[in-house]
Amino acid sequence: MTANNQDSHPQNAPASETTSAGRRPVCILGLGLIGGSLMQALAATGRAVFGYNRSTVTVDAASDAGYDASSDVMSTLRRAAAEDAIIVLATPVTTIEPLLSTIAETAPQCLLTDVISVKQAVAEKVARLHPRARYVGGHPMAGTSRSGWDACDPTLFRDAMWMVTTADDTDADDWTAVAHLALAVSAVVVPAAPDAHDRAVAAISHVPHLMAADTAAVGAGESNLALRLAAGSFRDGTRVAATAPALQRAMIEANDVAVLNALSEAIDRLVQARDELRDSGSVAALIDDGHRARMAYEEMAARGREPIVGVDVGTPGWASELRKQAHEGRVWLG
């Protein structure tokens with residue numbers, strides 16, 4: 001894996017932080033909420049960005065708004081190859097296999113990344129269908145319950161955590177190019193190994209989706225009175241249940257092993273709470289554990305961004321040190 005010292009800071013970034021090589025075009029495959037928002041955010045920085053979507057309705061909407069979009073995947077990828085663009089996969093993991101095969105045939109030399117919410121499943125598909133890919137995975141922790149081009153927001157990634165795959169064999173220049181792509185849209189880079197990422201998002205995203213669905217189903221199943229009385233706890237606790245079911249299923253089912261483990265822990269805690277409530281009239285253990293965890297989250301948020309320090313990307317051991325400091329809660333600021 002090689003790259004040419006790319007970064008992708010906006011045009012008003014200091015001269016020391018941006019180069020002509022770092023302004024390499026970006027080709028986005030999939031213009032839904034995440035891909036479309038990325039297109040809009042990059043275009044706002046002056047970055048050359050173009051994209052593909054199989055829906056002509058989406059392409060027409062993007063084109064009418066002044067963005068460079070096409071429903072012809074072959075011509076889009078030929079252009080990406082000619083312009084040495086960074087290719088971003090921004091479709092559900094269940095749809096990427098034909099895209100990977102086409103990329104391997106049409107634009108095999110392009111640096112490849114993605115914004116998909118699982119990493120091991122994507123890496124396995126890349127290894128099988130495009131084994132010589134220059135691939136560095138990514139996942140912005142951003143989104144809403146809405147989907148499609150109409151839901152796109154160029155500020156969606158502002159201050160969002162953006163995981164960038166950091167394996168020991170990751171090429172340093174390619175990693176830097178993908179990390180700077182995230183920084184360009186005002187995200188914050190979190191280095192992680194694919195399996196660690198998948199375990200983390202199972203716990204803080206995928207199981208919460210299941211818990212939100214469960215809470216919504218229990219509340220709605222009680223009576224219309226319950227829904228009429230529903231306020232902040234129900235609204236906040238079930239927000240993500242409003243996400244399109246197909247998108248939720250694709251995300252959760254692709255991360256099945258990690259979700260099974262995290263879901264088992266969640267079920268064990270709920271069973272324990274049920275038994276303690278039945279036997280002693282108390283749910284103190286679960287409530288106290290949850291309160292401590294939430295306070296720890298708020299404390300970390302209050303501390304702000306604690307930067308990774310003392311690591312030069314590309315020097316011996318750089319990837320493992322980035323991962324180590326990320327597990328301590330630090331982030332890479334470039």
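Among contacts in the protein between residues at least 6 apart in sequence, those joining residues at least 24 apart make up 68%; contact means heavy atoms within 4.5 Å. This is a predicted model, in which local features need pLDDT of at least 70 and side-chain atom pairs count only at pLDDT 80 or more, while totals for chains, interfaces and linings use all residues. Residues are numbered from 1 along each chain as its sequence is written, and side-chain values use heavy atoms, with hydrogens and water left out.

**Overall dimensions and surface**

- The C-alpha trace spans about 70 × 50 × 40 Å along its principal axes.
- Buried residues account for 45% of the 334. Buried means under 20% relative accessible area, exposed over 50%, and partly exposed in between (1.4 Å probe, protein chains only).
- Carbon and sulfur atoms contribute 53% of an accessible surface of about 16600 Å². Accessible areas come from the Shrake-Rupley method with a 1.4 Å probe, and for residues only the protein chains shown count as cover.
- The mean positions of the 28 positive and 40 negative charges lie 2 Å apart. Lys and Arg count as positive and Asp and Glu as negative, without His and the chain ends; each charge is placed at NZ of Lys, CZ of Arg, CG of Asp or CD of Glu.

- The protein contains 13 helices and nine strands, which are DSSP runs numbered from the N terminus (helices H or I, at least four residues; strands E, at least two).
- Six strands form an open sheet with parallel pairing, in the order 3-2-1-4-5-6. Strand 3 (68-70) and strand 6 (134-135) are at the edges, each with a single partner strand, so one side of each has no neighbour in the sheet. Two strands pair if DSSP finds at least two bridges between them.
- Strand 1 (residues 26-29) is parallel to strand 2, with four bridges, and four bridges also join strand 1 to strand 4 (residues 86-89) in the parallel sense.
- Cys27 has a bridge partner in each of these neighbours: Phe50 in strand 2 and Ile87 in strand 4.
- In a regular strand the side chains alternate between the two faces of the sheet. Strand 2 (residues 49-52) is covered on both faces, with Val49 and Gly51 buried on one side and Phe50 and Tyr52 buried on the other.

**Strands 8 and 9**

- Strand 8 (residues 161-165) pairs with strand 9 in the parallel sense over five bridges; the partner of Val164 in strand 9 is Pro191.
- Five of the five residues of strand 9 are buried, so this strand is largely enclosed by the rest of the structure. Val188, Val190 and Ala192 are on one covered face, and Val189 and Pro191 are on the other.

**Loop residues with positive phi**

- Most residues other than glycine have a negative phi.
- Asp84 has a positive phi, near 50 degrees. Asp84 sits in the loop between helix 3 (73-83) and strand 4 and counts as partly exposed, at 28% relative accessibility.
- Ser186 also has a positive phi, near 70 degrees. The loop that holds Ser186 runs between helix 6 (172-184) and strand 9 (188-192), and Ser186 is partly exposed, with a relative accessible area of 36%.
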